[in-house]
Amino acid sequence: MSPIPSPASADRIRGVVLRPGNDLAMTDLVLAPPGSGEVEVAVVAAGVCHSDLHVVRGEWDVPMPVVLGHEGSGVVTALGPDTGDSGLAVGDHVVLSWVPACGTCRYCLAGRPAACSLVAEVVAPKGVLYDGTSRLSSADGEQLHHYLGVSSFADRVVVPVSGAIKVRKDAPLDALALVGCAIATGVGAVRNTAGVEAGATVAVIGCGGVGLSCVQGARLSGAGRIVAVDVVADKLDLARTLGATDTIDASAVDPVAALRTLVPEGLDYVFDAIGKIATTEQAIAALGQGGAAVIVGLPPTGSTARFDPLALAEADQRILGSNYGSVVAHRDIPILVDLVVGGFLDVESMISARRPLEEAGDALAELNEGRALRQLLITGYRPAPYDPAEAGVAGSDSAAYEAYTAYVAPRSASGSTTHTPSGYDPTKREG
Ligand SMILES: NC(=O)c1ccc[n+]([C@@H]2O[C@H](COP(=O)([O-])OP(=O)(O)OC[C@H]3O[C@@H](n4cnc5c(N)ncnc54)[C@H](O)[C@@H]3O)[C@@H](O)[C@H]2O)c1
Ligand SMILES: [Zn+2]
Ligand SMILES: [Zn+2]
């Protein structure tokens, strides 16, 4: 990594640093100013995702020391050189994306930025920004790594411009942190990776932030049956509120057998939103003819799951991996925010606590115990009041309606969009 920036251009922030040996602490840090093509964002809120917990548990090979956090929202505070065509300005509200796609690799050019090779080969595994360097260092000059190009467990972050997605200002900015991972990942897995059609039968194994977002995505897609599976009764109750038609308590019954009882022919789509090997195998085993298992939850590095290739081929089934909901972040995130404002996506119910940034360790411990749902870490930074006339990026209720009809209205099995009946009130949540 590059030498640390000169103190004159550096700035003090607080951030949550993980060091080898499960050593997690909030400390004072130095944040260098944004470089070419980068933007500085004051974090308003960061969500605590199970992926942060995988890192704390040492289940993935992440370069350390690292400033944790990859789900977040905030306000643009400074722009680096060469950002004139980014469409961003100081004061903009943004959702942070943990796949800050390069826009020029073959995957980005093919319209699949969630598979960006620069992110997969440099930003994510090396814990740096595009140029191979970090903007983060400790107070005594030690270089620190970025986590997934974000590091949102901090007062401020520097990210590539493609990692800061401008959103409308009339949305609840702290809650929008969830759009940056849980919602984009879960809704995207249903809409983009799987392409769930109206009437399809769907099961979602795991009802944390990601799984409940799959449930909401399936509801928005018009799925005919949405079976939520978890081991915690409260989470199953919430899944029902958010659109599940049936629930299965996997602590009490064999979920594959219970799914067979509910849907004897097997499911069209099963989302593994946990990533335990057992749940991945359950997702494949519960499929019906032509079904697709979508692997969203992530196991420890090096894990392998078993399936019967003969049965898979003969039943014309598919196993799909889904990274970041296969989202096109600049297209999908503003639309998902419109859906939050329009009442189609319930983010608030998925937030079990708001706590100060310094409680990151406690929040991770609660997630580890399985008690918490999504917890927001609040930095204390408050966005400035805005002029309602200038609130929108996409934004107004009619924009939400347009977004709904274009992106989230149920698709028919042929892939065309089924439009909502006239008279439908986009400001009311779906039943
Ligand atoms: N693919 C991606 O792009 C992507 C993005 C974000 C998160 N993830 C991964 O998704 C997974 C879920 O993340 P999260 O933040 O929603 O986690 P979470 O801890 O909030 O939720 C996991 C849920 O699974 C339930 N559960 C645990 N064991 C179970 C079992 N045997 N059967 C049924 N339910 C069980 C828990 O009660 C909990 O509700 C994690 O592995 C995370 O790393 C993947
Ligand atoms: Zn996440
Ligand atoms: Zn790319």
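Guide: Asp316 lies in the loop that runs between α9 (309-314) and β16, where helices (H or I, at least four residues) and strands (E, at least two) are DSSP runs, numbered from the N terminus. This is a predicted model, in which local features need pLDDT of at least 70, side-chain atom pairs count only at pLDDT 80 or more, and totals for chains, interfaces and linings use all residues. Residues are numbered from 1 along each chain as its sequence is written, while chains are lettered from A and ligands numbered from 1 in the order in which they are written.

Visitor: Why does Asp316 count as exposed?

Guide: A residue is exposed if 12 or fewer other C-beta atoms, placed from the backbone, lie within 10 Å of its own, buried if there are 20 or more, and partly exposed in between. Asp316 has 9 such neighbours inside 10 Å, and therefore counts as exposed. Its phi is near 55°, a positive value in a residue other than glycine.

Visitor: What makes Ser151 buried?

Guide: Ser151, placed in the loop between β8 (143-146) and β9 (156-160), has 33 other C-beta atoms within 10 Å, and so it is buried. The phi of Ser151 is near 60°, again positive in a residue that is not glycine.

Visitor: Which residues come nearest to ligand 1?

Guide: Of the 32 residues around ligand 1, His50, Gly206, Gly208, Val210 and Gly297 come nearest, a residue being near if its C-beta atom, placed from the backbone, lies within 6 Å of the molecule. Elements that each supply at least two residues of this shell include α1 (50-56) and α5 (209-220).
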